[in-house]
Amino acid sequence: MPEPIIHVDRLTKKFKNFMAVDHISFDVPAGQIFAFLGPNGAGKSTTIKMITTLLHPSSGTIRLNGVDPVKDPKDARRSFGIVFQDPSLDDELTAWENLEFHGVLYGVPKELRRTRIGEMLAFVELSDRRDDLVKTFSGGMKRRLEIARGLLHHPKVLFLDEPTLGLDPQTRNHMWSYLHELNRKEGITVFFSTHYMEEAERNAQRIAVIDHGKIVTSGTSDDLKAQTHTATLEDAFLALTGTTIRDEAGSAADRMRQRHRAWGHR
Amino acid sequence: MNKIFILWLRQVIRYLRSRPRIIGSLGQPLLFLVALGFGFGPVFAKAGQGNYLEFLAPGVVGMGIIFTSIFSGIEVIWDRQFGFLKETLVAPVSRLRIMVGRTLGGATVATLQGVLVLALTFLIGFRPANAWLILPAILVMGLVALLFTSLGTAIASMLDDMQGFQLIMNFLVMPLFFLSGALFPLDHLPTAIRVATVIDPLTYGIDAMRHLLIGASHYALSLDLLVLSAFTAVFVALGAWLFSRIQV
């Protein structure tokens, strides 16, 4: 078996008294679409931030494309592209300027940069809007532009943190068709986090289920169902974590509300 | 070098695109020039101090610079809130270069704003003693702009959101401006105010500009430049260090 493109071993992040990520280990084989499935507040974003050099782990090791992002952030950064949970474009710049800025920061040589920007804009169907300010774009267009930007420097891995949050179903499908095409054509590894069960099931070759900062299990969607003797991923998740997937972080108020719902009005 | 340039360019493009911001930030200096310049003019002349507008003009230029440059530095918080900061922080560029590019961009913007305010003073009737010294005066503006943009960056690197903005305006920028000798001569001051003016870096910036533009100053030009350079070095280092510690 070839060396995995992402290797995480007993990775931990502790914020004061709170274990956001608790000794998690997993491997992502190169060229796969990998889903990180879990409710909000499970530790998905924190894990992605640690792999992508934005946060220092409390302990544990990470290898990304053969590089340790903690020791060698600059090399690690060249090997991935990322689409954050919240938009991270400069609204006051045009689509083209945002891509140009990115290309220069990533040291893509001028000629290659200009060709690649054209290709990427065409790929996400924004060529006709290249000179418009990003503040005039819709949410879906911004997300597409961010995908184009994340791919500009030919990364090995594309990270997407809750990429379809807040997008309508049509835009969501559209976006996934780009990502599948990309995965097929360029062999790029896609690592995405989501709390939508069907999104993980439909798009990922492998799924890791994370809850309360721990990886509960991982495998293909079928593995997960077989493991739990359930028919749907939804039931598998329920069997694995003991809860249905929550839309909000499991705050005390939420637990109260859930208990209330479960026990009815008495 | 390219990377620093593109970070610089972004700040400048954003400034040039925000016409309302440029025009808006000329309102305050204009008000100071007209209301104080003409309002206190007669009193100032009666006290035997000469032409107040002439005295005030470099001070108001200093005001334009300090407000714009601290604001440019603070833009780090905006970028953090609107997510763009993350895009630069995951790029394979050292934090130091990001900070340097941004700060140079902010300082350029503040210097441009200073030049605009200077042009405004000409419209009001201010005439520099020696037109040839306008160029070195602009260089001093650049130094003052760099000093306060770094300070703004340093402060912004410690803040998570805009909550502290009002605090910075009222307890840092306003005192720095009002206690800099922009509005009043530095002689015969009560001790407390005198001490405040001595530790305020803007004092030396405005004093140097006065030296070049009206040919009269409180301190020697060399002392002004020395103090300004020292403050700038310290704030650039502090800003770079604090910026390098940002986690998102």
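Predicted model: local features only at pLDDT ≥ 70, side-chain atom pairs only at ≥ 80, totals over all residues.
Reader: Let's go through the pairs. How many bridges between β5(A) and β6(A)?
Author: Four, in the parallel sense, with β5 covering residues 80–83 of chain A. A:Phe80 has A:Val157 in β6(A) as its bridge partner.

Reader: And β6(A) with β7(A), how many bridges there?
Author: Five, and that pairing is parallel too.

Reader: What does the chain cross through to get from β6(A) to β7(A)?
Author: Helix α6 of chain A, residues 169–186. This β-α-β crossover is right-handed.

Reader: How much of β6(A) is buried?
Author: Five of its five residues, which are 157–161 of chain A.

Reader: Which of those point which way?
Author: A:Val157, A:Phe159 and A:Asp161 point one way from β6(A), while A:Leu158 and A:Leu160 point the other way. As background, side chains in a regular strand alternate between the two faces of the sheet.

Reader: Moving along. What joins β3(A) to β7(A)?
Author: Five bridges, with the two strands running parallel; β3 is residues 33–37 of chain A. A:Leu37 stands opposite A:Thr194 in β7(A).

Reader: And how many bridges join β3(A) to β8(A)?
Author: Four, again parallel. There the bridge partner of A:Phe36 is A:Ala208. β8(A) itself is mostly covered, with five of its six residues buried.

Reader: In which sense do β8(A) and β9(A) pair?
Author: Antiparallel, over five bridges. One of the contacts to look at is A:Ile210, whose bridge partner in β9(A) is A:Ile215.

Reader: How many residues sit between them in the hairpin?
Author: Two, and A:His212 in that turn has a positive phi of about 50 degrees.

Reader: Switching to helices. Which residues of α9(A) are buried?
Author: A:Leu233, A:Ala236, A:Phe237 and A:Thr241, in a helix that spans 233–241 of chain A. Seen down the axis of α9(A), these buried residues fall within an arc of 110 degrees, so they line one face of the helix.

Reader: What covers them?
Author: The cover includes α7, β8, β9 and α8 of chain A.

Reader: Now the antiparallel sheet. What's the strand order?
Author: β2-β1-β4 of chain A, and this three-stranded sheet is open. β2 (18–28) and β4 (59–64) stand at the edges with a single partner strand each, so each has one side without a neighbour in the sheet. The twist averages 20 degrees from strand to strand.

Reader: How many bridges pair β1(A) with β4(A)?
Author: Five, with β1 being residues 6–15 of chain A. In β4(A), A:Ser59 is the bridge partner of A:Thr12.

Reader: Which helix packs on that sheet?
Author: α1 of chain A, residues 44–51, which touches β1, β2 and β4 of chain A. Its direction makes about 115 degrees with that of β1(A).

Reader: I'm looking at A:Phe15. Does it count as buried or exposed, and why?
Author: Exposed, because A:Phe15 has 11 C-beta neighbours inside 10 Å, and the cut-off for exposed is 12 or fewer. A:Phe15 lies in strand β1 of chain A. Its C-alpha atom is separated by 8.8 Å from that of A:Ser58, 43 residues apart along the chain.

Reader: Last topic, the interface. How many residues of chain A are in contact with chain B?
Author: 21 residues of chain A, in contact with 19 residues of chain B. The elements that give two or more residues to that side of chain A are α2 (73–78) and α3 (95–105).

Reader: What's the breakdown by class?
Author: On the side of chain A that touches chain B there are 11 nonpolar, four polar and six charged residues.

How values were computed:
Residues numbered from 1 in each chain as written. Chains lettered and ligands numbered in written order. Contact = placed C-beta atoms within 7 Å. Nonpolar A, V, L, I, M, F, W, Y, C, P; charged D, E, K, R; others polar. Buried ≥ 20, exposed ≤ 12 C-beta atoms within 10 Å, placed from the backbone. Arc of directions from axis to C-beta. Pairing = 2+ DSSP bridges. Right-handed = clockwise from strand over helix to strand, strands pointing away. Axes fitted to C-alpha atoms, helices over the stretch in contact; angles between N-to-C directions.
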